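This report covers a protein–DNA model. The sequence and structure come first, followed by notes on selected features.

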There are 2 protein chains.
Amino acid sequence: MATSCRNCPLRKLSLFAPMSDHEVDFMQGFKTGELQVDPGTTLMLEGSNSPQLYTVLDGMGLRYKTMASGDRQVLNIVLPGDFVGLQAGVMKEMQHSVEATTAMTLCVFDRKSLWALFRDQPERAFDLTWIAAVEEHFLGEVLALIGHMSGIERIARAFVRLHDRCMALGLVEGSEMPLPYRQQDLADALGLSLVHTNKTLKHLREMGVVSWRNGRLRFFDYDKLCEIADLDGARAPVTRPLI
Amino acid sequence: MATSCRNCPLRKLSLFAPMSDHEVDFMQGFKTGELQVDPGTTLMLEGSNSPQLYTVLDGMGLRYKTMASGDRQVLNIVLPGDFVGLQAGVMKEMQHSVEATTAMTLCVFDRKSLWALFRDQPERAFDLTWIAAVEEHFLGEVLALIGHMSGIERIARAFVRLHDRCMALGLVEGSEMPLPYRQQDLADALGLSLVHTNKTLKHLREMGVVSWRNGRLRFFDYDKLCEIADLDGARAPVTRPLI
DNA sequence: CGGTGTTTTGAAATGAGTCAACATACGTGG
DNA sequence: CCACGTATGTTGACTCATTTCAAAACACCG
């Protein structure tokens, strides 16, 4: 049974900007359905133009680009609350692909009604731009990360950032959280080779900082991890709108 | 004397999406003035919240992030037609800084009237989101670049992309174009050390491919450059809106 | 039980960073 | 007009993080 926007479990989270009843009603009308996909499903394909846009309700995915050489650059990890397909909505086509890593539940919107949203709901239109700006911000962060940090620093920072995001979503259980990816995925996200990623993970494990096994990430010494990641404890949470 | 939007020289370029007379009139009203800045001026500061937004009319600049270590990551080069400050407009504050490299002329908009734009001009609001999506796309490209390519490939690709952008803006004169930056700027943009950037530039020069001297970039063998950059000749130009 | 995908390990090769000096250009003030 | 200071570009030698290659161990599934 499909969730109604009114009882959307994500909306309750403080991570997301509050929305008036009237706005929620509009979103409800904007929503055309709900989609369940299996792990490995490609939601958006680079160069294509999806007729549908999504908001992730549940599950995890990946945004990535495929390069001429066949390599893959993972742009970021897709978590609940993320909006998928904005590029297809405003540009001619997607510039990256999006794939479901786990099973996912998605809110479906019709691309054609995006224009109605801009016309009738300036607040929501503003929020969409906001979302695009937040995406841009995250990409900028990763760029700085890959451009200037060593392997162990990159991995540590990726883990901390992931922890922050999952914490805000209530996905962290004690000192443990799900991370259902392959080492190859992390390597592709951080611009490292698989072998080096593996060895660095081993190093972090033996240092007693974090352990990533069987799709679960365990934090043994979070402070140390932050230190390696060159991040202090005070990180302002980024509030953002939910579409 | 300030340029009127109606005769805006940029608008004529095919790079930018066409705009109706009515839309141009609105933009004219949105525009509050024109700003001239000297080289080295900081237009936006990371963490601050500018009351003004700009569209570059003339000159070149840099967007960059400053890292805890003191390093700098150049996100991209700012050219005429680029919109500056969108992040400050929709998020609480800028996540990167913007600096004028040469003298610049900027169209000034009032941040407060951004909301009016969303309310009264859904087409323009749509364009703003479009711009944000284009920015995101470019950052994704650079990310893939830095994550997976060697020094010489990165430099070659940066030059080709720059050539494409400047060509669309009519800034290329024959096989030569202005590039008023320091080697350090390029190094910071591509995640390379200054020394390695210097040596790679020398290498490209000695191969007879490109020469970058005295703020001017000269192409001797453009095909070869594209080959090194792993780009074929057929690159679709990205049309985008001008605000 | 064999097949496929993932993780792990070791050894060798190298691209890129760091250090440290020198060269060049440009502007300012004496 | 020259001397000096600062910013940028150039070069060589050395080091090391990371990549690449190759193989083995492990896990899961039909």
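## Conventions

Helices (H or I, at least four residues) and strands (E, at least two) are DSSP runs, numbered from the N terminus. This is a predicted model, in which local features need pLDDT of at least 70, side-chain atom pairs count only at pLDDT 80 or more, and totals for chains, interfaces and linings use all residues. Residues are numbered from 1 along each chain as its sequence is written, chains are lettered from A and ligands numbered from 1 in the order in which they are written, and side-chain values use heavy atoms, with hydrogens and water left out.

## Helix H5 of chain A

H5(A) covers residues 151–168. Its 18 residues reach 26 Å from the first C-alpha to the last, close to the expected 26 Å, where the expected span is 1.5 Å times one less than the number of residues. Buried residues (under 20% relative accessible area, 1.4 Å probe, protein chains only) in this helix include Arg154(A), Phe159(A) and His163(A). Just after H5(A), Gly170(A) has a positive phi of about 70 degrees.

UniProt, in an unreviewed entry, lists residues 149–223 of chain A as "domain: HTH crp-type"; such annotations may be inferred rather than shown by experiment. This span is 55% helix and 15% strand, and its end C-alpha atoms lie 19 Å apart.

## Surface near DNA strand C

A residue is near the strand if one of its heavy atoms lies within 4 Å of it. DNA strand C is surrounded by 16 residues, with Arg182(A), Gln183(A), Lys202(A), Gly151(B) and Ser193(B) the closest.

Phosphate oxygens of DNA strand C lie 2.5 Å from a polar side-chain atom of Gln183(A), 3.0 Å from one of Arg213(A) and 3.0 Å from a backbone N or O atom of Gly151(B). Helix H7 (194–206) of chain A and helix H7 (194–206) of chain B are the elements that give two or more residues to this surface. H7(A) supplies the largest share, six residues.

## Aromatic pairs

Rings of Phe, Tyr and Trp (its six-membered ring) pair if their centres lie within 6.5 Å, and planes under 30 degrees apart count as stacked. Over all chains there are 14 aromatic pairs. Phe30(A) and Phe109(A) have ring centres 4.7 Å apart and planes at 15 degrees, so they are stacked. Because Phe30(A) lies in helix H1 (residues 21–30) and Phe109(A) in strand E8 (residues 104–110) of chain A, the pair ties together parts 79 residues apart in sequence. Phe30(A) is buried at 5% relative accessibility, and Phe109(A) is buried at 1%.

Notes: Polar contact = N/O pair within 3.5 Å; in protein donor to acceptor, adjacent residues only side chain to side chain. Buried < 20%, exposed > 50% of the residue type's maximum accessible area, 1.4 Å probe, protein only. Phe/Tyr/Trp six-rings, centres within 6.5 Å; stacked < 30°, edge-to-face > 60°.
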